[in-house]
Amino acid sequence: MSATDAYLPAGLPAPASEALDETYWSAATDHRLMIQCCQGCGRHQWGPEWICNKCRSFDLEWVEVEPRGVIYSWERIWHPVHPALVEACPYVVVLVELPHADGVRMVGNLLGDPTEEVQIGSEVEGVFEDHPECEPPYTLVQWRRLP
Amino acid sequence: MVDRELTIKGRTAIAGIGETVYYKRAQAPDPEFRMCLDAILAAAEDAGLAVDDIDGFASYSNDRNEPSHIASALGLPELRFSNMVWGGGGGGGSAAVANAAAAVAAGYANYVVVFRALAQGQFGRFGQAPPLRGISGPMAYTMPYGLVSPAQMFAMRVQRFMHEYGGGQAAQKAVSMASYHHAQANPRAVMHGRPLTEEAYDGARWIVEPFRLYDCCMENDGAAAIIVTSAERAADLRHPPAHIWAAEQGSDLGQGLPVHNAPDYATSNFKTLAKHLYDTAGVGPHDIDVIQSYENFTGGVVMSLVEHGFCEPEEVDKVLTFENLTAPNGSLPINTSGGNLAECYMHGLELIIEAVRQVRGTSTSQVADVELSLVTSGPMVTPVSNLLLSASR
Ligand SMILES: [Zn+2]
């Protein structure tokens with residue numbers, strides 16, 4: 001899983017970390033996928049939150065998870081709603097489920113030909129997309145089909 | 001179980017309805033606040049109510065027009081109730097009526113206006129984020145991937161629904177065609193005189209799969225208002241009251257979890273609300289005569305109808321057909337004014353007004369002998385809400 005050219009053109013809002021999710025964004029720049037795991041009940045949880053929504057423990061720890069999953073849903077976007085996307089359509093956004101992390105879901109782009117058929121249930125792996133030109137630099141987690 | 005002592009059923013009614021002319025986006029000749037006042041005065045006139053008697057306001061979707069400003073501008077002797085439902089979009093439409101009814105039933109106010117006003121030329125476009133350089137919080141996990149608009153947010157849910165139950169594209173088309181069909185009989189509708197053919201629907205461009213252009217609501221300017229009062233007071237006003245039998249708001253477990261992590265994902269969010277609504281009213285889906293179902297996107301209507309018990313999820317393409325969904329002969333007539341797709345996107349308050357017209361018998365696509373008239377507001381967001389009106393107390 002190496003860095004790749006950006007899937008979408010520059011100009012979309014860049015992600016900015018806050019106290020709650022600083023760990024996620026700094027781990028991503030090191031090409032590691034980290035999410036929260038409750039120390040009270042052992043359950044993974046996503047997106048970032050202050051409390052476990054199962055056992056209500058505040059003791060949530062950031063743990064590394066393998067960036068692999070299955071496509072839970074998807075969409076192919078044809079109409080640009082942001083000036084930066086005018087030349088980018090069509091592009092594909094996927095919702096990826098991580099079965100080994102209690103089925104948490106993450107949003108990303110599906111790399112490759114955007115007109116290719118997308119199958120719910122297909123296995124995908126994470127690809128770290130670096131944006132070193134930005135200040136501060138950041139890294140997005142994208143997805144590509146496993147062969 | 002519903003505590004019968006505390007139920008809202010039959011205690012309040014909608015006694016007045018008012019609207020401005022409906023315009024295409026950014027084409028309203030008047031500012032938003034002016035249109036808001038016009039709609040409220042029209043609702044009082046419709047009810048035969050003295051404006052001075054209005055003493056409360058409820059709205060939703062972060063409406064910009066504050067009750068204190070409205071009450072003072074109108075010179076109202078007293079403001080006794082003002083209330084706003086959290087959440088964007090139209091999920092709070094029926095919830096605002098529920099709050100107005102609760103205020104009347106509790107004696108906080110006697111005549112509560114529910115209103116919504118929108119002028120997108122004066123202010124920014126609804127549902128479009130202002131350009132930002134950086135984004136934090138839950139949106140940081142979606143926007144950088146080009147998942148930005150409401151259509152894109154909800155297409156993901158509808159795609160999953162279609163996967164789980166196999167079907168839905170034909171039902172989406174039928175919903176769109178039915179709304180446009182009803183708009184042709186309604187001179188207030190922005191799409192009046194602009195019928196939608198099957199060829200035009202099928203040939204329209206994709207916005208985001210699985211939504212084509214005509215699966216998406218319009219963007220409009222205008223204002224709408226209704227007046228909620230007690231069943232007793234409503235009986236003394238000009239029109240037959242549309243009695244409020246039930247109104248519910250909220251959502252199921254975890255529907256507000258960030259980054260599309262709701263445990264039950266392929267849902268319009270009405271599973272718990274529909275049950276509460278029917279329990280409160282003491283009726284079931286087979287008792288409903290006509291439905292106004294909020295169309296942000298047609299897939300949300302399909303899911304709303306399923307979750308209110310009108311159809312099994314595996315059968316949507318068979319049951320939700322153009323023939324069934326259209327008045328006067330369909331078994332499941334929906335969106336009889338043209339709704340958000342073809343009358344006006346007044347964030348669903350126009351749907352509530354149409355539900356009242358069906359009870360009064362004054363719709364331009366009237367269903368015969370309407371006893372029960374249902375509204376579902378804002379599928380796939382949280383909170384969503386619903387409302388059941390009846391001709392009888
Ligand atoms: Zn826990």
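Leaving aside neighbours within four places in sequence, B:Glu164 is in contact with A:Tyr72 and B:Ala266; contact means heavy atoms within 4.5 Å. This is a predicted model, in which local features need pLDDT of at least 70, side-chain atom pairs count only at pLDDT 80 or more, and totals for chains, interfaces and linings use all residues. Residues are numbered from 1 along each chain as its sequence is written, chains are lettered from A and ligands numbered from 1 in the order written, and side-chain values use heavy atoms, with hydrogens and water left out.

**B:Glu164**
- B:Glu164 sits in helix H4 of chain B. Helices (H or I, at least four residues) and strands (E, at least two) are DSSP runs, numbered from the N terminus.
- B:Glu164 is partly exposed, at 36% relative accessible area. Buried means under 20% relative accessible area, exposed over 50%, and partly exposed in between (1.4 Å probe, protein chains only).
- B:Leu389 is 225 residues away from B:Glu164 along the chain, and their C-alpha atoms are separated by 33 Å.

**Where chains A and B meet**
- Chain B brings 37 residues to the contact, and chain A brings 37 residues.
- The area buried between the two chains is about 3,400 Å², and carbon and sulfur atoms give 56% of this. Buried area is the accessible area (1.4 Å probe) that two parts lose on being put together, summed over both.
- In chain B, the residues that lose the most area to chain A are B:Tyr141, B:Tyr145 and B:Met156, together 24% of what that side buries.
- The rule finds 1 salt bridge across the interface. A salt bridge is a side-chain nitrogen of Lys or Arg within 4 Å of a carboxyl oxygen of Asp or Glu.
- B:Glu209 and A:Arg76 join their side chains in a salt bridge, at 3.0 Å from N to O.
- Strand E6 (134-135), helix H4 (150-165) and strand E7 (206-208) of chain B each supply at least two residues of the side that touches chain A.
- H4(B) gives the most to that side, with 7 residues.

**The zinc site in chain A**
- Four cysteines coordinate the zinc ion through SG at 2.3 Å: A:Cys38, A:Cys41, A:Cys52 and A:Cys55. Donors are N, O and S atoms within 2.8 Å of the metal (3.2 Å for Na, K and Ca); water is not among the atoms, so sites may look incomplete.
- The site is tetrahedral, with angles of 100 to 116° among its 4 donor atoms. Four donors count as tetrahedral if all angles lie between 85 and 135 degrees.
- The donor residues follow the spacing C-x2-C-x10-C-x2-C in sequence.
- A:Cys38 is buried at 2% relative accessible area, whereas A:Cys41 is partly exposed at 36%.

**B:Ser268**
- B:Ser268 lies in the loop between strand E10 (242-250) and helix H8 (271-281) of chain B.
- B:Ser268 is buried, at 0% relative accessibility.
- Beyond four places in sequence, B:Ser268 touches residues including B:Gly300, B:Pro379 and B:Val384.

**Backbone features**
- The peptide bond from A:Cys89 to A:Pro90 is cis, with omega near -5°. A:Pro90 is in the loop between strand E5 (68-77) and strand E6 (91-98) of chain A.
- B:Thr382 and B:Pro383 are also joined by a cis peptide bond, with omega about -5°.
- B:His347 is not a glycine, yet its phi is positive, near 50°. B:His347 is buried, at 0% relative accessible area.

Key:
Tetrahedral: all angles 85-135°; square planar, octahedral: opposite > 155°, others 65-115°.
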